[in-house]
Each structure stands twice: as structure tokens, then as C-alpha cells.
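This report walks through a structure, chain by chain. Please keep the view open while reading.

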Amino acid sequence: MIGLRAGISLAIAVILCGALAAIGFAARDAVERTIVPAIAAQAESVGRSAASLVESAIAAGVPMDRLVGVESYLESLRTANRELAELKLVDIAGRSLGSAGAPPEDDHATQVVTSVTARNGAPLASLIITIDPGVVSDQVNALLVDVAFIGIVSLLVALELVALVVGARGTEALAALESRVRSLSQGRLWMHTDAAEQLPFVAPIDKHVALLHARHEKARAEAARRGDTEAVLNLDALSARTGLGTVHAGENHAATVIRPALFLFMMAEELARPFLPRLAGTMAPANLDLSRDLAISLPIVVFMAAVALSQLPFAVLSERLGRRRGFVIGAALAALSYAGSAFATDYWLFLATRATAAIGYALVFVSAQGHVIDHSRPQERTAALAVFVRAIMVAGLCGPPIGGVLADRLGDHMAFFGSATLAVLGLLVAALSMPRSVPVRDAAGVSGADLMAALKAPRLAALLFGCAFPAKFLLVAICFFLVPVELQRQGYSAAAIGRLQMIYPILMVAAVPLFASLAERHDARAGFVLTGGLVAGGGALLLLFGTSPWIVAAVLALLGLGQAMSIAPQSALVAESARHMPGGRSAGVLGLFRLIERTGNATGPAAAGFLLATAGFASASAAIGLMVVLGALGFALSGRSRASGQDRAGPGAATSTEGSRV
Amino acid sequence: MIRTSFGLILLFAVIAAACVAFGAYFSLVTLQTAHRKAVETRFGVTAERIVASAQTAAGLGIALPAQITLADLTRREARLDEAILSIDIIDTHDKVLFSSDPARITDSDGSRPANAVTRRIENDLAATIGRVVVRYNPGVLAEGESALEGELQTMAMPTLIGSAFATILIGVLLAAGLGRAAKRAADPSQWPRAARSALAEAEAAHAGVRGGERP
């Protein structure tokens, strides 16, 4: 049975797909009627200019059939305008006086004819330019891909807004009713404990089920009193089949509650991504003792470094403040920083506002992650973390195009007010939706010795250094550095490269919840982390067979699929290891995990740059892929050695569901 | 509960409509940007032709202010396209050296006009020695932009309204289904088949224990 909330979410997705497809078709017609003629006008401009030059030569007394350099001139025009397939100068008798290029295969190619006339207006020759329909069609298709991507962004924004409404407290009664109706349709007769027990729609259902549970309990007690073991066993089997005697704790909403606030906040930061380098470039003083490239990248470097360095201390600070308070303070700090960035005219002040925004960002990130881990049961943690990851990925997909438009329409500085507004909205949603903060007053600080001790937790070191670090290293090195550099070298435009790079986040958004749910269902987090590492790393090895855009697309798709498999189970495994840390130092382990991940982010481009210079694109990518594969295999072996070591410890040792001992 | 359901349905309809509007607006912005690019490429081609001439002369050792033939060239190129308002050759001190519009010569023009295409003129050492600025009639852009707006609006408005109504319709159907399911769930004799079967099994087992039989 599909509930009202799930059903309407699905319906909105389908309706929006149809509506956005209709807009896409309208966009295609508009492009054909408006932009294609603008491309043809370019050919007319070239034709008029070339004809004018020929007319000048003839006016200067050069006979038509003695014109020199016609072919090289036409060839230079063709090279400069790739839409032009062929340029041909013919006299009035139709004889060719010079040509460049070749006619396209398409018989319906558009031709632009410009007359070359004498001063008295008498026609002397014609310049015939044939437009390459393939190039125009490529441009139109690229534009339609951009429009389709906007459709995906609109759909994702809609689903996040739906999640915001569905997760609101006002819908608890509806959720309770749906949960009971769904249980009955599955033949499950368990009791539900939630805030809606006394509501009029729910109470009659609960009353019947409670009566049944009371009878079941009485029957079991009676069978036990009689000593009828077989009857007791049969009644217990009935309980297992139907849920009688079981109290259902209800859905876990930890991640659902945080998702809208996190999405809004993360989108605030992502808005700045497309215009930040340009803004930094315009703000950098001319007399700066840094290279221009470094000055442009410095705001990004400062942000990343501040986020990375804040991970460990903020893991503990967030526990001490309480998750909601941590989120709210972090979002407020970031919002003020974005407003500061909007007003800043001095480059160094701008850098300072980026650093404070990073501090707010790190506190929000750590608090949101802590909330999800604190409020999810171990068996639900992978799925909950998948929701957390998805909110960040969706924000990463939706933010840049919206930020780009804001910056184009309002200016780069003013676009930061968009970020500030979103951060404030995220703050308000978090304040209203997250549970009251429960500060952990005695949350322990983390020392180097504690971290060393943490690394001795079962398989944690192998997980962090074999999987978490290489995963981020691979992502940044391949997707964000090597692929753009290589495709640019092959002559692809920035827009085409950007479209190819979208394969990774789109696959992540679509596949993370699916793989997280499979990992939970099959109780195989470690297996998914291992397989994910092998798929993502193995994908990079494909580049040894070629570097065509199709192979690059396959590599990015395998990277997306592999990381979608591993990202949520990996976080859940770390959280699980952290739970076993003595002395309440679990926050430190999570901080260490994120620090190692972000170190992978930071070192990826530098190492990839070095490898690219020394070994070339394919070998550099393959070497990084191989490192990821070896890391994943190392993680797998750490589980085996541990399991076999503990097998010798005796049959009484507890076995985790991951195949290793805990 | 009914109020909550209908409130939710209306909210979802607003979300659906807002997201269609969002998609349409961003599609329009994307197309307008592409249109501007296509239009400006045309003026860019003109600017690049002048840049090529100026750079060739500079390569032969003729300083930019001394390239007096550029005046004729700018006038000739400007005459060829009625959408061009002026073509200026500007030095590194923002002084207009040559222009298709004589009134603009010697004007100091450090501004970056909105409807203009600029290309740098470089010497053999790739140092900038000036720039060519082609100012064009904004009407060329406005015409295309309003055509795009009209085309997308024609499709977006009915799509937006249709999406909202479709969401309300499906929401009402789902809410009615949930209401019926809630009523049936309140009466065990009308429970879904799986639940009735579980109930029958449980009642048989409980009766068996009460009667001393094994379930």
C-alpha cells in the first residue's frame, strides 16, 4: 500500500517530469526559431565582410580573375568559424574563383549567398557560404542537455521541498495512520508506539490490536503455566510471523528531520561555486605578491583548510553544545560570513569572511552528522547516513546553476546575499525541526594518544586509510582535476566538460539510497565498502585502454556507482567503530574520519598534477585507480586476518554481522 | 486529519507549480544566455577581423596610434552590419584612437558598456596594446529575448496550472483511498486479506490454548 505522502511525492516526480519535458520541447522549438537564425546571421556577417574586401580589391583595379590569396583568406575564415562548412567565391558565370572546405553530406544544409557588386551595383560574383548542420545541431543539442539538466535540478529541488513538508511535525498523525494501515496490509499485527496513539483515526485500530496482543500474552502465559513447550514455541513462531507481542518503534526520522535544513544550508555554500574564482580574480589587488592563479584559488584553499582543521575540535564542541545548538550557531556564523563576503571590497577581508564561513560550515556539518548518528539505531545507520549524504549531493547539484544565474543577474557580490538567505532558512528549519539539544557536558576532548588508540579499533585504520582517504583522493584527482585537464587538452569546451562531470553527482544522488538500503538489508556494509572501492578504482584502470570521451564517461559512471555503494556504509562502519571507543571519545573518531577524508580532498589535485606531469593522463589515472583497488583489498584482508585471529579465541567470541569480531 | 491531508495536498500543488515555474525560468535564462552568446559571436567575428589587421601591422612595427588605416576599416566593417552602433579602437589608457563614429574619437572610454563585444589587441610578446570594442544595438538582443520569453511562457503557464491541478487530483484520490483504508482498519472484519489471515491464525492458536489443544 502506498501512503498519501509517498504517493504524492511519486506523483509530483512524475508530473514534474512530464511538465519539464513539455518545457524542454518548447525550448527546442524556441532554439530552432531564435538561436539557429542567430548562428546563420554570423555566416551572413562573415559573407558581407569578405564580399566587401573583394569589392575593395576590384575598386582598386584588380581584375576579378586576378585576385590572389582568395583560397587562403577563405580558409582562414572557415578555420575561425567552425559553423561554416564551405566558402566558395564564384563569378556570374558560375566559375569558381576560390573555395575552402567541403560541402556537408546533408542535402538540406543552409546556404548564405552574398553578392559582390561593382560600385554601380552591377553583380560581379557571389560568395556562397554553406553552414554545417552538424555543428549547429551539436550546439542545439548541448543547449537542450543544459535545459534537461535544469529539469533534473527542478525535480530535485521539488523533492527536497516535499521532504521538508513530509518531515514537518504537523504530518505526524498522517504518518502514524499510514504506518498502521501499511502494517495491516502486510499482515503485521504489531503495536505502534508514537505520539499519535490517542488520535481519533488511529485509536480504534490500536484498540483492536491491543486486545489481540493481550489475548496472545494470556495464551502464552497459559501454555507456559501448563508446561506445554510446543505450544509456547508455536505461539512464538506466530509472533515472529505476525508481529503479535511485538512493539514497533515506528520509522526513524533522524535523517529525514535534518535533511531539509542540511540541504538548504549546503546549497548556500554551493551557490558561490561558479562565481567565486571570478570574484576572487577581480578582488585580488594588482600589487599582490602572489601569482594571479594563486590569488584566485586562495579563497577556496582557505575554506577547505579551515573546514578540514575544524573537524576534530568541532566533533567534540558539537557534542558539548548539543546538535541543534551546534547547527544553529554554525549556520548563523556562516550566514553572517556570507553577508560579510557580499559587502567586502578588500581581498584580505574577503578571505577572512571565507574562513569564518568555513568554520560555520564545519560546525553545521559535524552537528548534522552527529544528529543522524545519535538518533539512528545501528541497523538503520547506513540508510540514515545515505539520506545525509544525499542532501549534500543534491545541494551540490542544484546550487551551482542557481548561483550562476544569481551572479549573472545580480552581480557576484549580491549573489552572496542569496547564500546568506539560504543559510538563515536552513537555520530556521533546523531550529524548528531538530529535537531539543542535549549537551554532553563531559564530552571528552581528543588527544593524539586517543586518536592512536582509536586507530587500533577493529579494522578502523584499514577503513580510514584503505578506503576513506583513497575514495576522496580518487574523486578529486580524477573527476575534478585530471578529466577536465585532459578533455580541455582534447579541445572540449568548459560547458561540455561540465556536462560530463555531472555524471558523478547524478549517479550518486540516484544510487546512494538504493545501495544503502541494500547494504542494510543484506547486513553487508563491509562488502559494499569493498565492492565500491573495487568498482570505483577499477573504473579508472579503463583509461589504460583509451581516453575518448566515452571511456571517460564510463570511468566517471563507475566512480559514481562505486562511491554510491561505499559512501554511506563506510560512514556507518566508522560510526559503529566510534561507538566502541572507551571514555566517550566517539566524536573524536568521527572527527578523525572526516579529517582523513578531507586530507584526501586536499592532496588529490597536487598529487594528480605531479603524476600527470611525470606519467601522463592515462597512467596517472590508472595509478590512482590501482591505489584505490589495493586500499580496498587491504581493508578486505584486515577483516580476514582479524576474523581468523579471533576464531582461535574460541567459540564464545561474539561475531559481528560484518564477518569480523567486534 | 482531513484538514491536514488537504493542507498537505495544497502545499504539494504549490510546490509542483513553483518547481515548474523555477524550471521554466532557468530554461529561459539558459536560452537567453545562449542567444546572447550567438549574437555576440557575430560581432566577435567582426572584432577579430579588425584585431587581426591591427596585430599584423603591430608585428611590422607600426604602433597602434599610427595605424591610420584602421579608421577606414572600422567604418567599412560598421557599414556592413546595421546592428553595429560603433567600432572603437581603444589604447591601454582607455583613449579612443579610431572609431567608425568620428564623434567618439579622443573620448576617454574606460567603461564596459552592456551591449558591446571586446577583443584584445596584442603585440608579438602577447602584451595588450589596445582593444577593439564593437557596440551593438540592444534591440537585436531584446528582440530575440522577448521571442524566447513568449515561446516559453506560452508553454509554461498551462503546464504550471496543469501540474498544480494534477497534483491536487492525485492527492485527493490518495487521501480518499487513505480515508477508506483508515475506516476499514478500524473494523477487523474489513482488514486487508493478509491481516485477516494473520488474525484468523492468531484466534485459532489462542482458542487452541484455551481449549487445551496445541495451536
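The sections below cover the basis of the model, then chain A, then chain B.

## Basis of the model

This is a predicted model, in which local features need pLDDT of at least 70, side-chain atom pairs count only at pLDDT 80 or more, and totals for chains, interfaces and linings use all residues. Residues are numbered from 1 along each chain as its sequence is written, chains are lettered from A and ligands numbered from 1 in the order in which they are written, and side-chain values use heavy atoms, with hydrogens and water left out.

## Chain A overall

Chain A has 21 helices and six strands. Helices (H or I, at least four residues) and strands (E, at least two) are DSSP runs, numbered from the N terminus. Of its 662 residues, 52% are buried. Buried means under 20% relative accessible area, exposed over 50%, and partly exposed in between, with a 1.4 Å probe and protein chains only.

Take the contacts in chain A between residues at least 6 apart in sequence: 78% join residues at least 24 apart. Contact means heavy atoms within 4.5 Å.

## Helices 8 and 9 of chain A

Helix 8 (residues 276–283) of chain A packs against helix 9 (residues 292–321) of chain A at about 125°, with the axes 8 Å apart. Axes are lines fitted to C-alpha atoms, for helices over the stretch in contact, and angles run from 0 to 180 degrees between N-to-C directions. Helix 8 and helix 9 of chain A are therefore oblique to each other. Angles under 35 degrees count as roughly parallel, over 145 as roughly antiparallel, 65 to 115 as roughly perpendicular, and the rest as oblique.

Which residues meet in this pair? Helix 8 of chain A brings L276(A), P277(A), A280(A) and G281(A); helix 9 of chain A brings R292(A), A295(A), I296(A), P299(A) and I300(A).

## H371(A)

H371(A) sits in helix 11 (residues 347–374) of chain A. Is H371(A) buried or exposed? It counts as buried, because its relative accessibility is 2%. Setting aside residues up to four places away in sequence, H371(A) touches A254(A), V257(A), I258(A), R323(A), M434(A) and P435(A).

## A hairpin in chain A

Strand 3 (residues 111–117) and strand 4 (residues 123–131) of chain A run antiparallel, joined by seven bridges. Two strands pair if DSSP finds at least two bridges between them. One bridge links V116(A) to A125(A) in strand 4 of chain A. The two strands form a hairpin with five residues between them, and G121(A) in the turn has a positive phi of about 90°.

In a regular strand the side chains alternate between the two faces of the sheet. In strand 3 of chain A, V112(A), T114(A) and V116(A) make up the covered face, while Q111(A), V113(A), S115(A) and T117(A) make up the uncovered one.

## The sheet of chain B

Chain B has an open sheet of four strands, in the order 2-1-4-3, with antiparallel pairing. Strand 2 (96–99) and strand 3 (116–122) of chain B are at the edges with a single partner strand each, so one side of each has no neighbour in the sheet. Neighbouring strands of this sheet are turned by 20° against each other on average, direction ignored.

Strand 3 and strand 4 (residues 128–136) of chain B pair over seven antiparallel bridges. R119(B) has V132(B) in strand 4 of chain B as its bridge partner. Helix 1 (residues 2–59) of chain B lies across strand 1 (84–91), strand 3 and strand 4 of chain B, at about 25° to strand 3 of chain B.

## G130(B)

G130(B) is in strand 4 of chain B. It counts as buried because its relative accessibility is 3%. Leaving aside neighbours within four places in sequence, G130(B) contacts L64(B), I90(B), D91(B), T92(B), R120(B) and I121(B).
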